[in-house]
Amino acid sequence: MSERRAPGRPLWRGTLRLALVSCPVALLPARHERNNLHFHLINPKTGNRVRMQPVDAGTDRAVDRSTLVRGYEHAKGEHILLGEEDFDAVRVESSRNLVIGKCVPAAEIGPLHVDAGYYLVPDGADEAEVYAVLRQALADSGLVALSRLVLFRRERAVALRPSGKGLLLQTLLEEGDLHPAEEAFSEIPESRPDRAMVRLARQIIEEKQGDYDPADAEDRYEAKLRALIAARAEGQEPEPEAEEPSEDNVIDLMTALRRSLRAGGRSAPGKTASGKTASGKTASGKTASGKAAGNKASSSRSSSGKTSASKPSAAKAAPAKTPARKGATGRTAARKPAAKATGKAVRRA
C-alpha cells in the first residue's frame, strides 16, 4: 500500500461562477506519483549513467535546455517561434473564470469521456460559505455542471460533481478524441444468447459481488518487480510462483459455466434430480420434449405396417409389444434385426 500524502500546490487559480454568484477557487491535483519505480539508462560496459542532452540538429552541438523556445512547423523545416508572452496574449475567459453554463444528468456522461480528475476547493477561508452553497445546490439537483477551463495551455471541457464536502473537477475528452463504438463493435455477430447459459453466468457474477476496495486497483506487476529488485539486491532470485491449473479439457460453454459454479461451492440453478435443467435440457443436451416426440413418431410408424428392420425405434419397441413369432429353430425372427437397428439409433442420438 502506497503512502498517502496531501495534495500539492494549486495547478490553477480562478473564479467559479454560477449566474451572478461567484467564488474564488483553486484546482488541486487528485493524483500523485506514489513512489513509483524509476530507472536510469546505464552503460553496461562501464556501469555509468547515460546523460541525455539536447543537441542542435544542424550543428550537432549541445545546447542549454533553458534557452529553448517552442516552435510550430508550418512548412518543411520552417517553424513559427512562440514565447511565453505569446501564449499569455491568447488567453480566453476560461483562463481565469470557471463559468457554469449547463447542467446535465451524470449518467449522460459516458465513462470513456472522462479523462482526468482534480479537487476544486475554495481559495481562502472567507469564501467557504459561497462554495458550500454551490456544492450543496449541485448535490441536491443530482446534476453535473459543465464548464471550460484552460489547463496546461489547452482549453478543456470539464464537469463538476459534488463529492463529500467538496467538488470534483473532471476533464472531458472530445468526441473526436475517441474511436466510435459502432466501429469497434461492428464485427461482433448478431446473436441471442442461450437463456440457460445467461442464468448460469449471472449466478457466477452475483456470487462474486462485493464492495470496492482501493486495493483492487493495486499494480501487481510493480509489486512483483519490487520483489525481484529486492531479491537481486541481496544476491538472490525470487521464488517462482506456481502456475494456475489450466482448463484445457473444458468441453463447451455450458460445461465451463457449471464447473465454475461447482468451484464456487454451488450447483447449477434449476437442476432437477433427473439431471434436467429448468430449460428442459438433459445432461446430453437433448430436450425431454424432443425425446418424447421422437418416441411418439416411431410408434406411429410401427403401427402403419413398416418392418422392424427399416425403423430402428419401432424395432426396439417391437419385442415388448408384439408377440414373438417362432420359426423352425424356436428363435424369434425379429431379434437379430432389432439389435442392429438399436445400434443405429444410438449413433443418431
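Biologist: Leaving aside neighbours within four places in sequence, with which residues is His113 in contact?

Modeller: This is a predicted model, in which local features need pLDDT of at least 70 and side-chain atom pairs count only at pLDDT 80 or more, while totals for chains, interfaces and linings use all residues. Residues are numbered from 1 along each chain as its sequence is written, and side-chain values use heavy atoms, with hydrogens and water left out. Contact means heavy atoms within 4.5 Å. Beyond those neighbours, His113 is in contact with Thr171, Leu172, Leu173, Glu175 and Leu178.

Biologist: How are the directions of helix H4 and helix H6 related?

Modeller: Helices are DSSP runs of H or I with at least four residues, numbered from the N terminus. The axes of H4 (residues 195-207) and H6 (residues 253-263) come within 10 Å and cross at roughly 30 degrees; these axes are lines fitted to C-alpha atoms over the stretch in contact, with angles from 0 to 180 degrees between N-to-C directions. Angles under 35 degrees count as roughly parallel, over 145 as roughly antiparallel, 65 to 115 as roughly perpendicular and the rest as oblique. H4 is therefore, relative to H6, roughly parallel.

Biologist: Which residues of H6 are buried, and which helix is included in what covers them?

Modeller: The buried residues of H6 are Met254, Leu257, Arg258 and Leu261. What covers them includes H4.

Notes
Helices (H or I, at least four residues) and strands (E, at least two) are DSSP runs, numbered from the N terminus. Buried means under 20% relative accessible area, exposed over 50%, partly exposed in between (1.4 Å probe, protein chains only).
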